[in-house]
Amino acid sequence: MNSSNTSCSELTEFNLVQVNGTWTRHTGQCQDKEGKLSDAKIYENKSDQGVSWTVVSPIVFTYRVIQCKDLLDPRNDTLLWGHIEDEELKGTTSNSKPVKRFIVIDKTVHELYGSKVSQYFDAKGVIYKILPLPTTEENKNMELVTKILEEVHQFGIDRRSEPIIALGGGVCLDVVGLAASLYRRRTPYIRVPTTLLSYIDASVGAKTGVNFGGGKNKLGSYVPPVATLLDSSFFQTLPLRQISNGLAEMLKMALMKHRGLFELLEVNGRKMLHAKLQPSETCGGSEQEDGAAASMRIAIETMLEELAPNLWEDDLDRLVDFGHIISPELEMRVLPALLHGEAVSIDMSFMVYVAHQKGLLTTQEKSRIIQCMLGVELPVWHQECSLVLVQKSFRERLRHSTGSLRMPLPTGLGRAEIFHDMIEDDVIYQAFQKWTEELSTFGCNQINYY
């Protein structure tokens, strides 16, 4: 080999240690050195071409998901201090500095609960500003984010100790989360979901976002809240359609990984829907967990199991994507006719037929799933969900998933697998034909939305 074509390189690993506020790099073991040792490392590579550095810097986010009751009761400190651990709280509450909070609240939620929110912060002696906004899917854009940022900037908050509070449904939580992630490059925020769908889905993960370029959530970030505060009493003022909408995401988790949750929805889903998932009177005051509480707990636990190890979606194989292959295209096409969970339900319904066509589900399992959907008054078919739309959605999935379909499909009740290869055209066509033949009579116009 010609020596002029050869090159040698020298790789050195450096640890980082901080002493008196200054970080310095060190080779070898640093456990015995004075100062603070970072988990980050710098790798320096010297070669004939020059020097390159590779930085490995682990990022750890810690956030709390807290179920609580009577969140807006002034005797309850959770809304104000629930995001802080007990030890840190002692120092915070003893501080003489006035407490400030900026609250973004969905306009409809403000009409229902705005006075209680004001009374809460008045009773706590907090300096606050409430910003009601029309946080609907049609308004989920950067203009709304900019409006929040302008108001936050004018109000003035400490970007480390005064979290922004988002009070509303999934759109509100997504938009406020994005605004908080942008303000001063990252300002803490708290999510308070007021719909069932946001309670078990949008509120417990890290994603924020707005719609852009005609696509759903095309702009966004991965920045979790410092805390999500869950109070199911907000559901009492929701229309039944919104409860059903949230049950779609609960059913998603049941089909993917929890047969017990599926059977709970199958048997008690309609009853829980019409009770708006409020505690059963027969369980009031007892230690026994009723069906509504169990279903919400399981939905959150299974969701966190899937999200926590993959918060930034470095791994694109995600069971929680079930119901989200066709639904983004369908939801945006018919906006505002379908709610998010309704579009997800239609997507799941079709995918159940695909799974059956591939031999992954028995006819009885397929029937039980569809009957469960209908039992909680979810749509299972839509005239705008055409074969052309389905095929387009699959192509988009391939394009945005590094050339692999990565499609979660049920392989039984409460279990699933992710399939990477493109599904054969004849399987899709036959599944679509059977889906339409059997379910087109259950169009959205037959669902009780109110």
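Analyst: Start with exposure: a residue is buried at under 20% relative accessible area, exposed at over 50%, and partly exposed in between, with a 1.4 Å probe and protein chains only. The model is predicted, so local features need pLDDT of at least 70 and side-chain atom pairs count only at pLDDT 80 or more, while totals for chains, interfaces and linings use all residues. Residues are numbered from 1 along each chain as its sequence is written, and side-chain values use heavy atoms, with hydrogens and water left out.

User: Is Arg-184 buried, partly exposed or exposed?

Analyst: Arg-184 counts as partly exposed, at 47% relative accessibility. Arg-184 sits in the loop between helix H5 (170–182) and strand E9 (189–193). Helices here are DSSP runs of H or I with at least four residues, strands are runs of E with at least two, and both are numbered from the N terminus.

User: Which peptide bond is cis?

Analyst: The bond from Leu-335 to Pro-336 is cis, with omega near 5°. Pro-336 belongs to the loop between helix H10 (327–334) and helix H11 (340–357).

User: How should I read the sheet with the order E2-E1-E3-E4?

Analyst: Begin with pairing: two strands pair if DSSP finds at least two bridges between them. This open sheet has four strands, with antiparallel pairing. E2 and strand E4 (50–56) are at the edges with a single partner strand each, so one side of each has no neighbour in the sheet. Direction ignored, neighbouring strands are turned by 30° against each other on average. E1 and E2 pair over five bridges, and Asn-15 has His-26 in E2 as its bridge partner. These two strands form a hairpin with two residues between them, and Asn-20 is in the turn. Strand E3 (residues 36–47) pairs with E4 over seven bridges, with Lys-41 opposite Val-56 in E4.

User: What is the strand order in the sheet of six strands?

Analyst: The order is E5-E12-E9-E8-E6-E7; the sheet is open and the pairing parallel. Strand E5 (64–67) and strand E7 (127–133) are the edges, each with a single partner strand, so one side of each is left without a neighbour in the sheet. The twist averages 15° from one strand to the next. Five bridges join strand E8 (residues 164–168) to E9, one of them placing Ile-164 with Tyr-189. Helix H4 (residues 142–155) packs on the sheet, touching strand E6 (100–106), E7 and E8, and its direction makes about 165° with that of E7. Contact means heavy atoms within 4.5 Å; axes are lines fitted to C-alpha atoms, for helices over the stretch in contact, and angles run from 0 to 180 degrees between N-to-C directions.

User: Which residues of H13 are buried?

Analyst: An α-helix has 3.6 residues a turn, so residues three or four places apart point the same way. In H13 the buried residues are Leu-389, Val-390, Ser-393, Phe-394 and Arg-397. Seen down the axis, they fall within an arc of 140°, so they line one face of the helix; the arc is that of the directions from the helix axis to the C-beta atoms. Val-388, Arg-395 and Arg-399 are exposed on the face turned away from the buried side. The cover over the buried residues includes H10, H11, strand E13 (407–412) and helix H14 (425–439).

User: Which residues touch the most other members of the largest nonpolar core?

Analyst: In soluble globular proteins, nonpolar side chains tend to be buried together. A nonpolar core is a set of buried Ala, Val, Leu, Ile, Met, Phe, Trp, Tyr and Cys residues joined through side-chain atoms within 4.5 Å. The largest one has 75 residues, and Leu-277, Phe-350 and Met-351 touch the most other members. Leaving out residues up to four places away in sequence, the contacts of Leu-277 include Leu-196, Phe-235 and Met-296.
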